[in-house]
Amino acid sequence: MCGIVGYVGPEACAPILLDGLRRLEYRGYDSAGLAVHGGAGSIDVRRAVGKLRNLEGALRERPLEGQVGIGHTRWATHGRPSEVNAHPHVAGGIAVVHNGIIENHLEVRRQLLEKGCEILSDTDTELVAHLVHLEVAQGKDIETAVRAVLNTIEGAYAIAVLSVDEPERIVVAKSASPLVIGLAEGETYCASDVPALLPYTRRMVFLEDEEMAVLEAGGARITTLKGEPVERAETQIDWSPVMAEKAGYKHFMLKEIFEQPRALEDTLRGRLDRQNGAIRGEEIGLAPEKAKAIDRVVLLACGTSHHAAMTGRYFIETMARIPTVVELASEFRGRGAVIGEGDLVIAVSQSGETLDTLMAAKEAKAGGATVLAIANVIGSAIPRMADAVFYTHAGPEIGVASTKCFTTQVVNLLMVAAWLGHQRGAMSDEALAELVEDLARMPQLVSDTLKGTRQLVANLARRYVDARDVLFLGRGLSFPIALEGALKLKEISYVHAEGYAAGEMKHGPIALIDSTVPVVVLAPKDSSYERSIGNLEEAKAREAMVIAIGTEGDEKAREVSHDLIEIPEVPEALTPFLTVLPLQLYAYYVADFKGTDVDQPRNLAKTVTVE
Ligand code: G6P
């Protein structure tokens with residue numbers, strides 16, 4: 001997730017572009033850059049690593065003059081944050097900024113190298129600049145050249161392109177990543193998102209997938225990628241700038257909960273080979289021989305990432321049949337844990353910087369283990385020390401309580417498990433092909449579940465807002481989800497909550513139950529279903545206020561609970577992606593009704609780099 005912005009008009013564009021980027025910094029902030037038509041047949045570029053102020057510094061030293069330009073704030077997906085990887089990327093008089101992921105980038109890179117192109121960065125974006133340049137070199141205008149290129153690349157993109165030969169226009173296009181055009185008198189803008197443009201105009205035109213547009217000072221002309229003209233009505237945006245940054249949601253956490261379908265889609269992008277019913281192993285970065293040589297998997301993580309790691313153990317054991325343990329990184333460190341060459345250590349961390357996870361992974365590496373990092377922040381400390389990295393592509397997560405990063409970690413762990421299982425012969429071709437299809441439809445199911453449960457969950461949160469204790473119970477794959485439900489509630493609403501393995505209820509937590517305690521039981525139709533129903537009955541018999549999270553149309557679960565939150569029927573491996581959603585929403589609404597600081601709860605930090 002990056003931010004792009006563009007301007008064509010009579011004003012000096014650099015300050016407008018910088019201001020737009022500042023408003024898009026929530027989309028990414030590891031590097032930034034501008035490209036401006038400088039007159040006299042030149043495009044001038046300034047780029048800087050780090051926060052936007054570094055780019056501002058570079059511009060103070062060497063200002064950019066000109067009225068037509070594009071800008072970018074980066075959240076790395078291909079290539080670590082560095083000046084050479086920062087956008088805009090330039091090739092032979094073409095400058096490109098891009099948000100998204102080009103799926104066939106490896107193949108395109110190979111073809112360009114064969115043609116003798118000199119590729120300077122590790123990014124997929126630079127390839128687009130070269131491709132457009134090759135088309136322009138054959139005599140095409142910029143619009144035709146961009147159209148030709150976009151018909152050959154696969155993946156997600158929102159791009160803005162300048163050509164040195166056409167200084168009065170910007171060409172933009174989109175597929176899957178967002179792009180909005182802003183219209184004003186004699187000025188035309190573009191951006192990844194509305195907030196960048198609100199100080200300048202409220203007249204917006206939203207580009208749809210597979211569409212492109214030519215922006216000039218007098219307006220925008222939209223066409224499809226096939227070249228058919230498109231008429232699109234303007235939308236008048238009434239949001240305040242603060243609302244706009246959160247896309248109209250009250251808090252970043254709620255926005256991020258609802259971003260999960262997109263985050264999952266981006267994380268799956270390019271990793272599923274649906275044609276062959278397979279997982280693209282090269283994305284995981286482990287050699288197939290390594291997959292076969294592993295004796296044991298050790299998962300290391302903290303907080304929410306630890307709950308994701310617990311689902312990973314379940315996946316790896318059932319799909320790959322490899323003995324697996326999950327460790328809290330803080331408990332693994334320094335206790336002299338037995339570790340060796342046969343161990344694959346998977347360090348799971350959103351930030352990639354959590355000190356306990358970093359130190360534990362280093363200790364494991366020193367003991368001879370191979371370390372695979374699952375992280376969301378490209379180039380962070382844990383990916384840097386690891387032997388292989390499999391990134392989640394959730395985009396920046398701003399709410400301290402992790403939501404979209406949790407589900408994307410779980411999906412990466414599921415892909416790792418399936419790939420290992422298939423490599424080792426523990427998972428059949430048919431089972432893998434079936435899982436690949438299930439994963440491909442999962443983002444839509446997540447979206448349906450969020451929409452379908454939101455109102456009921458908000459009502460329940462209102463009803464139980466004053467409960468002093470809440471119990472969450474789950475078995476198997478639902479156990480880590482019960483822990484995650486309790487953690488979310490504790491973190492942001494400061495309500496005491498316990499997550500428990502449902503089978504352990506009779507060994508303690510049952511003593512806590514009375515008519516004042518809401519008990520949430522995860523009871524989807526999975527291999528533990530009958531026993532989970534038993535837990536619901538036990539809780540109800542003790543007069544608890546029982547909420548079941550169950551499968552759509554499950555009359556039995558409805559009968560033995562006070563309220564049933566229904567999720568679509570899915571294969572067992574997919575249940576965590578759906579059961580966790582109402583729990584995230586429940587924590588959110590309780591906190592919101594209590595009026596706590598949802599995005600920055602007291603005493604907590606997004607990234608914990610202390611012991
Ligand atoms: C902090 C955050 C949590 C996060 C945990 C682990 O406690 O508030 O949301 O789950 O750290 O962070 P990591 O970046 O390693 O996933």
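The tour goes to the ligand and then to the cavities.

A word before clicking: this is a predicted model, where local features need pLDDT of at least 70 and side-chain atom pairs count only at pLDDT 80 or more, while totals for chains, interfaces and linings use all residues. Residues are numbered from 1 along each chain as its sequence is written, and side-chain values use heavy atoms, with hydrogens and water left out.

**Stop one: the ligand**

(Ala, Val, Leu, Ile, Met, Phe, Trp, Tyr, Cys and Pro count as nonpolar, Asp, Glu, Lys and Arg as charged, and the others, Gly among them, as polar.)

(Helices, H or I of at least four residues, and strands, E of at least two, are DSSP runs numbered from the N terminus.)

Now zoom in on the ligand's oxygen atoms. An N or O atom in the side chain of Thr 354 sits 2.5 Å from a ligand oxygen, and one in the side chain of Ser 349 is 2.6 Å from a ligand oxygen. At Gln 350 the backbone takes part, with an N or O atom 2.7 Å from an oxygen of the ligand. Taken alone, the ligand exposes 380 Å², and the protein buries 90% of that (Shrake-Rupley method, 1.4 Å probe).

**Stop two: the largest cavity**

How many cavities of 30 Å³ or more does the structure hold? There are three. (A cavity is a set of points, on a 1 Å grid over the protein atoms alone, where a 1.4 Å probe fits but cannot get out; lining residues have an atom within 4 Å of a point. Volume is the space filled by probe spheres set on the points.)

The largest has about 70 Å³ of space. Select its lining, which includes Cys 2, Arg 74, Trp 75, His 78, His 87 and Asp 124. Strand E6 (residues 94-102) gives the most, three residues. The lining has two nonpolar, eight polar and two charged residues.

**Stop three: the second largest cavity**

Here you'll find about 40 Å³ of space. Select Val 457, Phe 472, Val 520, Ile 547, Ile 549, Ile 565, Pro 582, Leu 583 and Tyr 586 to see the lining: nine nonpolar residues, no polar and no charged. Strand E26 (545-551) and helix H19 (575-594) each supply at least two, and H19 gives the most, with three.

How values were computed:
A polar contact is a pair of N or O atoms within 3.5 Å; within protein, one must be able to donate a hydrogen and the other to accept it, and residues adjacent in sequence count only if both atoms are side-chain atoms. On a 1 Å grid over the protein atoms alone, a cavity is a set of points where a 1.4 Å probe fits but cannot get out, and a pocket is an open set with protein on both sides within 12 Å along at least five of seven lines; lining residues have an atom within 4 Å of a point.
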